[in-house]
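Hello,

Here is the structure we talked about. Please open it alongside this note, which goes through the findings by topic.

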Amino acid sequence: MPTVSKGDGMRGLAVFISDIRNCKSKEAEVKRINKELANIRSKFKGDKALDGYSKKKYVCKLLFIFLLGHDIDFGHMEAVNLLSSNKYTEKQIGYLFISVLVNSNSDLIRLINNAIKNDLASRNPTFMNLALHCIANVGSREMAEAQKQICFLTWICSCFQGVVTAATSLITTLAQKSPDDFKTSVCLAVARLSRIVTSASLDLQDYTYYFVAAPWLSVKLLRLLQCYPPPEDAALRSRLTECLETILNKAQEPPKSKKVQHSNAKNAVLFEAIALIIHHDSEPNLLVRACNQLGHFLQHRETNLRYLALESMCTLASSEFSHEAVKTHIETVINALKTERDVSVRQRAVDLLYAMCDRSNSKQIVAEMLSYLETADYSIREEIVLKVAILAEKYAVDYTWYVDTILNLIRIAGDYVSEEVWYRVIQIVINQDDVQGYAAKTVFEALQAPACHENLVKVGGYILGEFGNLIAGDPRSSPLVQFNLLHSKFHLCSVPTRALLLSAYIKFINLFPEVKGTIQDVLRSDSQLRNADVELQQRAVEYLRLSCIASTDILVSKNSAKRASSPSLGFNDALNLNSTPSSGASLLVDVFTDLSNPAPTEGSDEHFTRFVCKNNGVIYENQLLQIGLKSEYRQNLGRIYVFYGNKTSTQFLSFSTSVTSNDLLTPQLNVQVKPVDPLIEAGAQLQQILNIECVSDFSEAPVLNIQFRYGGTLQNITVKLPVMLNKFFQPTEMTSQDFFQRWKQLGAPQQEVQKIFKAKNQMDTDVAKAKLLGFGVALLDGVDPNPANFVGAGIIHTKTTQVGCLLRLEPNTQAQMYRLTLRTSKESVSQRLCELLSEQF
Amino acid sequence: MQFMLLFSRQGKLRLQKWYVPLSDKEKKKITRELVQTVLARKPKMCSFLEWRDLKIVYKRYASLYFCCAIEDQDNELITLEIIHRYVELLDKYFGSVCELDIIFNFEKAYFILDEFLLGGEAQETSKKNVLKAIEQADLLQEVRPAPLKP
């Protein structure tokens, strides 16, 4: 039965509150409140000036409504008015309202400040009290300065215990902001503290709380002392140490009361004292005693004390004096981790294990934390994962343990393993040579599990891509098995992981040519080349391209170790193939060559024609051997790099090549062949350099003969080397005037060769242009009055002479035909060039 | 102390005292979240928990939860005792206080709290003195001098 409120009744308020409580539903409550709000609003706006009592009643009602959870957007003015009333109760309600409903309206703040100033200045202590309260609870900058001075003086000369308590709080806050100003308070604080601590139970009667002397003041004094380092004055320091020892001693004494309030108050002082001891970190004796005391609390019946003990020990663990002492409790803490039912206590235990970890107990602690992680609350998993990762790295004696730990982490709580963690493990594996094989093996085994976390696929993909060769010797983890394992997870992964896997695939192509075909098929599939994601599509296309170029710059020659040719990757290189070498000529074949043209089998001249307008590509391929070319020409000299790729898993023995020219060609073209090794390993590639010199113009082609022994049978292959006259073209720019002048000069019938022919391919301007440029001439714009026609000029360089050439190509789209006119100073040149070029269209 | 909340087992707020400046919206949000968190705790769990970057100390007395938020460096046990002291004060003043007393006399509950705590710190730790101050304040209310209970 509620007592009628003492003092002034405010009947209306009590009735209103009863009404609200009797409301059967939320809607009814809201209705009642709105009714009252409307009533109050009209009263405030009304003509009749309200008397103090009514104002107070209504403001009180507003406050109640606010406490129920509804917003109040008026009434502040009336509350401020109450402040200037002379009646204590009205002032009181006014202050209460504004301290609960703080409003940032600047006008009101000014008024409030004025009212406060007036109350402070008044001689009435109760009014001063109210004003001080308001300042303390609401706070505003103007008040702060004045308060500082008043309180300090009050404190020094006060005898009243109660005031001291209040002033101590203020001093502490101020000391935190500007410690130097309040240095002298240390001495006074110690004095007071020792008086309290050593007092007999009859002193301080009023302030004894359940047989503990002035617990709040003690705690506050201890807090104040934590703002300062240990006192320099020896006498003061010893006095303080005495105090602290007394407090610690008291903890050992039997309790004076069974009530929990007694123990709480006593322990509150004790914990604060321990906090001070830890803060000072200077008396080993005290620190060890504190540690032991906390050790007792670790197994106390009361959960609160266990919680606080774990928390305090955490700070103790970082002090060098007590670190060892803390470690002795490791079993208790681990036990707490396993058996505590309260998750907050378990969290403290985890924090403590983390703090006390060092080289001697790291393995044990990490193991415990991992097993805890399996059942931990989701909200704290990420923190624990990070802690385990840090501990594993910091205290790893051998890195195999570290790798195991991180992989376990990913297995148990993969979702919470942030990127930094798995980047780090890869960084460490790359930089520690001796753990690479182990990492590859472990990752390989881990990936066998039916359900892998995506982070594990990322780590696995990267490590196998880099170091898969270290385990490729074992048939159970052969390259094909590794690839299939990774690819089986491909479709389950998100885009960034797939991108990483594609990079791993190109690394596989690099390391293991025997799986190249399989991987290329995968890359070639529509799901990659036409993938909706731009990154994946780009990677698939580019990697496929790269893999088709046979070049030692990216492919490993048989002599180097079977490792990725890139040195330890810098971190920003981690997932890109920035190591794609840029040395040498561009590797990419012109984009217009399409992949659907298979390399020709022997006997066909098709490849030869293909190479008239381009210098790089595959000129021959069969089941066993692939031959690729890269050529460069300058003036009358040329160099061809020939690449022989062994597509099989057996060595090629007695490998030999030669270049033959027929009788006519021999004096016209010099071909010098550099010797090669007679052995090509399985899956390896051999490079041979041919140096060419054009002595005079020619129309035949040299032939490349290859011989080798494969699995007992002798193989013989001949390929026409794509060296033609136009390779020695130098494009020449000239003005239209010059062109026509020369054209006229070359008017003799044997100098001009013309051919009209049907277009073999689709007639496309851009393609035609590209071909002409590839042929070696310079395309001249604005020379031919008909813009659809092409005009070109160049010089053929031979050792003996240089032949200037002009050409004109006229397309007839309607008839699908071309007319090609060549004019050079030498008939044979005109013939040959016309012959070559006409086949291109 | 940053703030103190009193709420029932159904989550209804009975008293809120804030010692830090926060906007209304923030206060509502904090109240909502904290009430939910504390109500979700089981009876045997310890009285302290970490929430955001604060420590929360709470205790249930009959049907009311008394919940305080303190800063990292504050002493938890002493805060528990502050709560207890406050309950004792209320008990002495209202005589066997119950939740209804606080509902109907919320402004008195505030006044008692203000006598005891200032700016979030205990200012007067003598029970006798606090109660004396309240009684004197009551005397100043002139409408109807109420009979004071011993």
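Are Arg348(A) and Asp351(A) buried or exposed? Both are buried. Please keep in mind that this is a predicted model.

**Salt bridges**

Let me stay with that pair. The side chains of Arg348(A) and Asp351(A) form a salt bridge, at 2.6 Å from N to O. Both residues belong to helix α18 of chain A, which covers residues 343-356. They are three residues apart, about one turn of the helix. The pair is also part of a network of salt bridges.

Over all chains, the structure holds 36 salt bridges. Side chains of opposite charge can pair when their charged atoms come close. Two further examples follow.

In chain A, Glu36(A) meets Lys61(A) in a salt bridge of 3.1 Å, N to O. Glu36(A) is in helix α2 and Lys61(A) is in helix α3, so the bridge ties together parts of chain A that are 25 residues apart in sequence. Glu36(A) is buried, with a relative accessible area of 5%. Lys61(A) is buried too, with a value of 7%.

In chain B, Glu33(B) and Arg52(B) form a salt bridge of 3.1 Å, N to O. Glu33(B) sits in helix α1 (residues 24-39), and Arg52(B) sits in the loop between β3 (48-51) and β4 (54-61), so parts of chain B that are 19 residues apart in sequence are tied together. Glu33(B) is partly exposed, at 28% relative accessible area. Arg52(B) also counts as partly exposed, at 48% relative accessibility.

**Aromatic pairs**

The count here is 29 aromatic pairs over all chains. Take Phe44(A) and Tyr58(A) as one of them. Their ring centres are 6.3 Å apart and their planes stand at 85°, so the pair is edge-to-face. It links distant parts of the chain. Phe44(A) is in helix α2 (residues 26-45) of chain A, and Tyr58(A) is in helix α3 (residues 52-68) of chain A, 14 residues apart. Both Phe44(A) and Tyr58(A) are buried.

Phe652(A) and Tyr710(A) form another edge-to-face pair. Here the distance is 5.9 Å centre to centre, with 90° between the planes. Phe652(A) lies in strand β6 (residues 652-660) and Tyr710(A) in strand β9 (residues 703-710), so the pair ties together parts of chain A that are 58 residues apart in sequence. Phe652(A) counts as buried, at 0% relative accessibility. Tyr710(A) is partly exposed, with a relative accessible area of 23%.

**Charges over rings**

Two lysines in chain A are worth a look. The charged end of Lys720(A) sits over the ring of Phe608(A), 4.6 Å from its centre. Lys630(A) lies over the face of Tyr641(A), 5.5 Å from the ring centre.

**A buried arginine in chain B**

Next is Arg85(B), in helix α2 (residues 76-94) of chain B. Arg85(B) counts as buried, at 6% relative accessibility. What does Arg85(B) touch, not counting residues up to four places away in sequence? In chain A, Arg85(B) touches Tyr209(A) and Trp216(A). In chain B, Arg85(B) touches Phe116(B), Thr125(B), Ser126(B) and Lys127(B).

**Cysteines**

How many disulfides are there over all chains? The count is zero. Cys291(A) is buried, with a relative accessible area of 0%. Cys357(A) is buried as well, at 3%.

**Confidence**

Chain A averages a pLDDT of 79, and 83% of its residues score at least 70. Over residues 1-7, pLDDT stays under 50, and the model has 18 contacts beyond four places in sequence for them. Over residues 550-603, pLDDT also stays under 50. For that stretch the model has 86 contacts beyond four places in sequence.

Best wishes

How values were computed: Residues are numbered from 1 along each chain as its sequence is written. Chains are lettered from A and ligands numbered from 1 in the order in which they are written. This is a predicted model: local features need pLDDT of at least 70, side-chain atom pairs count only at pLDDT 80 or more; totals for chains, interfaces and linings use all residues. Side-chain values use heavy atoms; hydrogens and water are left out. Rings of Phe, Tyr and Trp (its six-membered ring) pair if their centres lie within 6.5 Å; planes under 30 degrees apart count as stacked, over 60 as edge-to-face and the rest as tilted. Helices (H or I, at least four residues) and strands (E, at least two) are DSSP runs, numbered from the N terminus. Buried means under 20% relative accessible area, exposed over 50%, partly exposed in between (1.4 Å probe, protein chains only). A charge sits over a ring if NZ of Lys or CZ of Arg is within 6 Å of the ring centre and within 35 degrees of the ring normal. Contact means heavy atoms within 4.5 Å. pLDDT is the predictor's confidence in each residue, from 0 to 100. A disulfide is a pair of cysteine sulfur atoms within 2.5 Å. A salt bridge is a side-chain nitrogen of Lys or Arg within 4 Å of a carboxyl oxygen of Asp or Glu.
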